[in-house]
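User: I have a structure to study and would like to go through it step by step. Could we begin with a single residue and then move to the larger parts?

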Amino acid sequence: MTDWNTMSDEDFRKEVRAFFENEFPEEYKFLARRMRWHECRDWYRKLSKKGWIAPNWPREHGGMGLTPTKLLIYYEETERAGVGRMPDQGLTMVGPTLIRFGNDAQRTFFLPKIIAGEAIWCQGYSEPNAGSDLASLRTEAVADGDDYVINGSKIWTSMAHDATHIYVLARTDKQAKKKQEGISFFLVDMKTPGITLRTIRNIAGHEEFCQVFFDNVRTPKHNLVGELHKGWTIAKGLLGFERLNIGSPRRPLQAMEKLETLAQARGLLSDPAFVERLTQLQLDLADLGSLYRRFVDKVRRGEALGPDVSMLKVWSMDTYQRLSELLIEAAGEYGAVEGEVAIGDEEIDVLSPFYNSRPGTIYGGSNEIQRNILAKYVLNLPS
Amino acid sequence: MNPTLEQTGAMNEHGMDHGAMLAQSVGDFVQHGADLPRVRALAQTHAEFDAAQWRQLAELGWLGVLVPESCGGLGLGLAEAAIVAEGLGRALTPEPYTAIAVLAARTLEGAAETPLRGELLAGLAAGTRVPVVAWQEQPDDFGGRQIATAALPFEGGFRVSGEKRFVIGAAAADGFVVSALAGRELQLLWIPRDAAGCSTAAQPLADGRSYGSVSLCDVVVPREQVLASGDAARAALDRAIDHAAAVGSAELVGIMKRAHEMSLDYMKTRVQFGKPIGSFQVLQHRAVDLHIQQELADAVLRETVAELDTAPDARVRARAASRAKSRCAEAALVITRAAIQFHGAIGFTEDCDVGLYAKRAMTVSAWLGNGRAHRVRYAALGTDSSGGQA
């Protein structure tokens with residue numbers, strides 16, 4: 001197996017660029033929305049076969065084990081080529097969580113399925129009455145024979161309609177003194193009887209998330225991750241990976257690609273006032289890269305992500321939104337046009353980064369919640 | 001990614017390498033704390049250069065961090081110089097560490113190997129000589145592209161006339177490394193402070209230190225005082241300025257971290273409405289946003305000094321230095337100004353230490369290009385959005 005880390009950064013970039021440019025299907029390049037599973041299945045498996053599906057995982061589990069600098073190059077080239085976002089919860093969340101908190105049987109069973117694209121995951125965290133206050137969740141799991149029986153409902157579950165599996169936070173001890181205690185972390189097959197879905201249309205008109213209902217859903221006891229009642233620790237660990245993932249520069253990079261293309265097409269680079277604002281955002285994005293590599297390096301050394309990773313998410317999504325807003329402003333009258341619009345020699349969807357960046361400051365813990373976390377656990381400010 | 005201290009320098013008899021010893025001695029120095037009464041009095045005393053303090057920095061080895069071992073220095077890299085500068089920034093030490101131990105050391109390092117170069121570098125490291133680079137004449141002029149100082153050939157050397165500005169460290173200098181044009185060729189010349197026709201004036205700065213202005217009126221520079229000429233002079237100066245901008249960024253990181261600590265401490269103890277003000281969410285979120293700026297600055301700084309230590313080409317080097325200075329300057333300003341606000345009316349008093357940090361942040365961020373100037377240069381050096389390390 002190739003050790004990509006022994007290649008020079010330049011060579012690695014060239015190889016990744018060539019592959020993405022040539023192999024990713026033209027019709028899905030720079031898609032305005034997330035890819036559905038039937039659209040990206042072949043691409044997922046192609047990457048898997050090449051050994052490139054999990055750039056962030058250790059090599060022993062089928063990943064590329066990339067250094068932070070190479071991982072970022074990989075993501076940069078993904079965005080440069082306009083590779084769409086696939087259902088990636090298994091790769092970004094479940095895999096790292098099982099590697100850290102799961103047992104050998106769970107790793108042996110689930111990790112190869114994620115690599116192969118046989119298990120597509122979604123996240124059962126938020127509930128209608130447990131959003132920012134996630135620990136007040138009420139979905140319940142009760143032991144019964146060899147199973148746990150789950151009842152309740154999860155909401156804002158991205159790509160649940162494409163998922164084969166869901167990971168669920170459920171209350172297992174209603175008598176616990178603190179609401180964070182008595183929560184457990186379960187893996188559930190979406191084919192299990194009792195699971196029903198309702199899709200929800202988002203602000204851009206796309207069906208990307210769902211409400212998931214659990215009506216006496218049975219999951220075997222060996223699908224409990226970590227200790228019973230100790231799921232909050234795992235949930236927090238997973239949120240660390242989620243914040244690292246959301247905090248990566250890849251999504252703001254998408255918007256920057258568009259902004260630079262638009263600026264060229266409209267001749268804005270001769271306007272010093274525009275260039276000043278563009279440069280500030282380029283620096284904000286480049287500096288996000290520096291901070292990101294620092295946290296990736298930590299994960300690579302096997303260290304746990306602490307609450308400080310929240311700052312990555314705040315800055316990344318804040319930068320993404322500011323980029324999407326300058327894109328609209330730079331488009332002038334075209335900034336009102338829905339869908340792709342011809343500007344100069346370019347076809348640009350001006351509004352999609354605006355829509356796609358909106359939930360980033362809400363999901364995975366809103367940016368305001370992240371600031372509360374940072375204030376309390378990193379700055380140690382009083383409550 | 002960042003080279004660890006263990007990768008640099010040779011071991012001493014205690015099994016510690018120079019880099020680790022350096023980190024330890026900076027830690028001790030910082031723990032000892034800042035001599036803030038002295039810093040506060042600078043505006044009256046003008047004692048921005050204390051000979052005893054300078055000797056101590058020399059004895060600790062800090063002045064010679066970048067000086068080659070063959071010239072009596074430690075021969076370490078910018079990563080180590082940044083450790084020192086951050087500590088000194090934190091302690092608000094007014095002595096011109098970056099101007100001399102980085103800007104002058106790097107300029108001299110790039111000069112032709114003459115006895116004078118060796119003498120100045122060795123003296124710089126030992127603290128017995130204080131060479132200061134007087135290169136700049138116009139604001140926002142990176143690399144001295146706008147130089148009017150003229151060097152006319154004279155008996156194998158030159159006669160030099162011109163006016164240099166923004167010279168940090170001039171107050172203590174025993175001589176200047178002056179840039180001048182002989183025709184279209186850049187010359188770097190050594191001019192002793194007491195040379196006939198050389199005079200200096202001090203322009204007071206917000207933090208009690210001063211910029212020196214150096215006036216040169218037909219100063220005779222003999223051949224043996226020519227340090228570098230032409231492309232070599234240009235390359236030495238450009239590199240030295242980028243390196244000094246990066247290490248100046250480390251000073252700013254030290255300044256901002258201490259100032260933000262003071263804000264956080266105050267927010268934990270100051271009680272209003274029956275609660276510590278740090279419990280109010282509006283202040284918490286503001287403090288968090290500033291902390292994020294601080295951590296961005298720190299991350300960029302570490303990557304930049306590590307990258308500069310790999311001796312990249314001039315464009316990559318300049319872009320990296322500008323990225324660091326831009327972020328660190330802006331972050332230091334916004335954090336120190338917020339520190340005044342967090343402290344309320346007391347923050348506006350002369351007695352309150354945060355004002356000292358705010359003023360030092362202003363002078364260090366203005367010197368060698370402020371955030372705006374470095375953004376402009378970053379843009380002019382080309383665009384890519386590849387996370388800074390393409």
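User: In which helix is the place of F19(A)?
Analyst: F19(A) sits in helix α1 (residues 9–23) of chain A. Helices (H or I, at least four residues) and strands (E, at least two) are DSSP runs, numbered from the N terminus. Please note that this is a predicted model, in which local features need pLDDT of at least 70, side-chain atom pairs count only at pLDDT 80 or more, and totals for chains, interfaces and linings use all residues. Residues are numbered from 1 along each chain as its sequence is written, while chains are lettered from A and ligands numbered from 1 in the order in which they are written.

User: Why does F19(A) count as partly exposed?
Analyst: F19(A) counts as partly exposed because it has 16 C-beta neighbours inside 10 Å. A residue is buried if 20 or more other C-beta atoms, placed from the backbone, lie within 10 Å of its own, exposed if 12 or fewer, and partly exposed in between. The C-alpha atom of F19(A) is separated by 9.5 Å from that of A81(A), 62 residues apart along the chain.

User: Now the core. How many residues has the largest nonpolar core?
Analyst: The largest nonpolar core has 231 residues, and those with the most contacts inside it are F186(A), V132(B) and L189(B). Such a core is a set of buried Ala, Val, Leu, Ile, Met, Phe, Trp, Tyr and Cys residues joined through C-beta atoms within 7 Å.

User: Which residues is F186(A) in contact with, leaving aside its neighbours within four places in sequence?
Analyst: Among them are A141(A), Y148(A), I150(A), Y167(A) and L224(A). Two residues are in contact if their C-beta atoms, placed from the backbone, lie within 7 Å.

User: Let us change topic. How is chain A divided into domains?
Analyst: Chain A has domain 1 (4–86), domain 2 (120–230) and domain 3 (247–378); such bounds come from an automatic or database domain assignment. Taken over C-alpha atoms, the centres of domain 2 of chain A and domain 3 of chain A are 31 Å apart. Four residues of domain 2 of chain A are in contact with five residues of domain 3 of chain A.

User: What does the domain assignment of chain B give?
Analyst: For chain B, the assignment gives domain 1 (5–129), domain 2 (132–229) and domain 3 (232–380). The C-alpha centres of domain 1 of chain B and domain 2 of chain B are 23 Å apart. Their contact takes 20 residues from domain 1 of chain B and 17 residues from domain 2 of chain B. On the side of domain 1 of chain B that touches domain 2 of chain B, α5(B) has the largest share, with six residues.

User: How many helices and strands does chain B come to?
Analyst: Chain B comes to 11 helices and 10 strands. Of its 390 residues, 54% count as buried. The C-alpha atoms of chain B fill a box of roughly 80 × 45 × 45 Å, taken along the principal axes.

User: How many residues has helix α8 of chain B, and is it mostly covered or uncovered?
Analyst: Helix α8 (residues 281–309) of chain B has 29 residues and reaches 42 Å from its first C-alpha to its last, close to the 42 Å expected at 1.5 Å a residue. The expected span is 1.5 Å times one less than the number of residues. α8(B) is mostly covered, with 23 of its 29 residues buried. Just after α8(B), A311(B) takes a positive phi of about 55°.
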